[in-house]
Amino acid sequence: MTAAGLSASPRTFRLRANALWLAAPAIAFLVVFFLIPVGRLLFLSIQGDTGSLTAEHYDRLLHTEVYWRILIITFRIAGLTAFFSLLLGYPLAYWLSQLKEQRRNQMLLLVLVPFWTSYLVKAFAWMLLLGNQGVLNRLLGGAGITDSPLPLMYNEFGVIVGMVHAMMPLAVLTMMPVMSGIDTRLSQAAGTLGANGAHRFWMVYFPLSIPGMAAGGLLTFITSLGFFIVPAFLGGRQQTMLAQLIIIQVQELVNWAFAGVLATMLLVSALIACWIYNHLFGLASLSAGSSTADKTSSAWTRRFGFALLEKLAWITSAVTGRFSQGGRGKILPGYVALIVFFLVAPTLMVIPIAFTSSDFLEFPPPGYSTRWFSLYFNSPIWISATVRSFGVAFATAIAATAIGGLAALAIARSRSRFGGVVFAFMLAPMIVPRIVIAVGLFYLFAQMGLVATNLGLVIGHTVLSIPFTFVAIAAVLKGYDWRLDQAAASLGAGRFQVLRLITVPLIRGGVISAFLFAFVTSFDELTIAIFVSGGLKSTLPKQMWDDMILQLNPTLAAVSVVVLVIVTAILLVADRLRR
Amino acid sequence: MTKQNNISLTRRTVLLGAGAALAAPAILRPAYGSTTLTVADPGGPFSPAFRKAFYAPFEKETGMTIANVAREAEPTAQFKSIVETGTFIWDVCTLTLSARMILEEQDLLEPTGVEAADAPGMMKEALFTNFVGTDVYSTIFAYRTDKLKENAPKSWTDFWNVEAFPGRRALRKNPIDTLEQALLADGVPLDDLYPLDLDRAFASLDKIKPHIDVWWTGGAQSTQLLQSGEVDMISGWNARLQAAIDGGAPAELVWNQGLYSVEGWGIPKGNPKADAAREFVKFCTRPEQQALYTSELAYGPTNQKAYDSIDAERAKVLPTAPANISQMRLASEDWWSENRADVTERFNAWLLI
């Protein structure tokens, strides 16, 4: 609607600027359902008791050291999570990208397994694995490897394990489409020119995969900034993240002005981090054409980068040279098996727990029964929550992929200087703490009659999903050859035809990733569900949360198993149909 | 604004209609016969227990319908949103005393109309003009009997004594109750706790800090920690710790030097169904109804007369049973509402050092 209004303006014929209008639906959507409600809430932070403007709340922030310390802890945990998600996930993404499509899709199911297990259930699975009396410590102690239990949890290590586990699928799924888009003939060409394996990888392949890493790192880093369940359950006394403090201010102290101050602090520092990140790793390569990025990154950083990569290549070839040809071929599959095991282990543990006869989440279960499944299937509340969650997630995924995808297309095609601003705006819903969005949306929805409606849930979840769909599609578009579009257009295809028949099929991998991200974001979302539903239109995570807030019982495990079975069946059928 | 009010009115009319259809067979009382009240309780084990004790008997007596939803641990933000936007998705909601105080300060609560004379036997701490207590919970500690057999800790001073009582310990990652526990451990008598001597409390906490293995954050987590044997001594809410014991964990509760508090009903200000809500809230003061939830929830009835119909064995694990409540005191909401923001800041800073 806004797009139509804009395109009526006389500047229409400027083709390049024109593309930015594809972002109009996304901008309009986010202005109404994100900027206005959140802005209204953040405005409270500069309002005094009488309604006049004041800086007193910010003054308190400046004079209280603890919030700055917690900001640093938050950044440290998010940074480590992003780093390890990329580092450990890169070989997995590489391995997947080398597979034939059919087999890759099957293998992807394994990588996606942790995606379908709720954050809440995953946190408890890790507690059973890492505890003092946990599975790992009992195994290590039983095998005589350790004398006393290792402190694997209630410290930074535990938090990082839990968070990397949650974030790695996101990193892999963002990197993989970029990697599979890399032209393998380039490596072959380097080979014919005399480069060995290590050099071919570090000097040719790796630089080409950087857009995927940049996108994956950004998504995992920013998503991690907002975590609160994992640090609460797996952390020790020093692992407190800013989102936890904001929740306390909103819900327990009902000091929304100061909550607004803390949210602004997180938002501003996250934006600064993005800006620095952009300069270091050339994130602008995502938002603008690659030529602009080349111009901005100075010659010496490029030279330094290549020198570093060359060193890495030397080291790698020196190390791998020690292995026999056969041994070298087994390193990657062995590593992949290990990482996949890390990803699926907590979920695998949930399956026997779902069949336990005990009233508690215990591993191994003392006996077996199907009582938790019959409790689930006989409960209209659980069933309706499950149906609603699937419906809302599906609608969200479609809406967010369409809106975010068009915006990504706009950014990739546009040379407008507003590209960077639009780019930052698209990411903003990911940075603003969800509780702030949730409270803001409640006030807006109350005025629109959308409180406790499914549509309200879909809108709220779409706001949260747009950053993911936008980045996932922007990353694949980065390597996209626009001459294909031009060729089609010169052969007489209309703009929509080009999009439908050329662009979308070629960037399919990114679109599928985007769809999955949006689906999962909605499917696992708790905060908005709590506020917008008020408990009347319960989703699965909200229902689980109600069930576990006071008393954990194995119904949660049974629900996770049911969800896993349904999702796997859907994905397998979808895979069949595609062939 | 008018337009939106119309929308919500229409929705309410639809709900009313649905309520009427459901309630039609019951014996109708003229005023509220077709009303559906949406009641927000703490969820989990509360929902079935409150249905048995309050919702079902109330429906039967009045012909109204009770639709229960689960609210969050601290529903203050939602409560505020509901009143300020006039979107009354909840008609009655359970609140802690601290939530009551916050909501009262912001003028978000409707009077309940329940007087002490209307509810004989009710504890005076459980009745306010805008709040009616339904249950008493207490913060105490539990220890594993398999680890601390003969040598059982009996006070917070024992909990702090790591030489005499070795074992892994857990405290709540929150200044509320934890500061009181630190002072009790340091020898402050229960009756002289408030106003809290903060410097003394933090000095006492400094001593135990290196020996705390887990700082728990949620009630379910505290049950899990005790049940799995992850820790040997843990502070917590009596019913959450009792849940582990009911599930077979070898553990014992220590009521001595406990702090109790009250949870109960509040009505959002301006609620058009406030009269029906008041009727419901008053119903919940009845001792025979309160006694019914104690078989499933280890919380104490606020009406002491309820113990007339609770068996002696079960009474042992309920906070308001005379033998237990005499060892405890009410946590001071006045002090906390005054100091909570600053103390939380100091506690968070202390944790990081």
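Which residues in H11(A) meet which residues in H21(A)? I started my notebook there. The model is predicted, and I kept that in mind throughout.

**Entry 1: two helices of chain A**

I looked up helix H11 (residues 197-225) and helix H21 (residues 419-431) of chain A. On the H11(A) side I found Ile222(A), Thr223(A) and Leu225(A). They meet Leu427(A), Met430(A) and Ile431(A) in H21(A).

Next I checked the geometry. Two packed helices are described by the angle between their axes and the distance between the axes. Here the axes come within 8 Å and cross at roughly 40°. I therefore noted H11(A) as oblique to H21(A).

**Entry 2: chain A as a whole**

I counted the elements of chain A. There are 29 helices and 0 strands. Then I looked up the radius of gyration, which is 24 Å for chain A. The globule rule gives 25 Å for 579 residues, so chain A is as compact as a globular protein of that length. Along its principal axes, the C-alpha trace of chain A spans about 70 × 65 × 55 Å.

I also asked how much of chain A is buried. The figure is 49% of its 579 residues. Last, I took the contacts in chain A with a separation of 6 or more. Residues 24 or more positions apart account for 78% of them.

**Entry 3: where chain A touches chain B**

How many residues does each chain give to the contact? I found 45 from chain A and 51 from chain B. On the chain A side, several helices give two or more residues, among them H5 (65-98), H13 (242-252) and H28 (540-548). H22(A) gives the most, with 6 residues.

**Entry 4: a strand in chain B**

I turned to strand E7 (residues 169-172) of chain B. Are its faces covered or open? Both are covered. Arg169(B) and Leu171(B) are buried on one side, and Ala170(B) and Arg172(B) are buried on the other.

I then traced the partners of E7(B). With strand E8 (residues 212-216) of chain B, E7(B) pairs in the parallel sense over 4 bridges. Leu171(B) stands opposite Trp215(B) there. With strand E9 (residues 233-237) of chain B, the pairing is also parallel, over 2 bridges. In that pair I found Ala170(B) opposite Ile234(B).

Technical notes:
Residues are numbered from 1 along each chain as its sequence is written. Chains are lettered from A and ligands numbered from 1 in the order in which they are written. This is a predicted model: local features need pLDDT of at least 70, side-chain atom pairs count only at pLDDT 80 or more; totals for chains, interfaces and linings use all residues. A residue is buried if 20 or more other C-beta atoms lie within 10 Å of its own, exposed if 12 or fewer, and partly exposed in between; C-beta atoms are placed from the backbone. Two strands pair if DSSP finds at least two bridges between them. Two residues are in contact if their C-beta atoms, placed from the backbone, lie within 7 Å. The radius of gyration is taken over C-alpha atoms; the globule rule is 2.2 Å times the number of residues to the power 0.38. Axes are lines fitted to C-alpha atoms, for helices over the stretch in contact, and angles run from 0 to 180 degrees between N-to-C directions. Angles under 35 degrees count as roughly parallel, over 145 as roughly antiparallel, 65 to 115 as roughly perpendicular and the rest as oblique.
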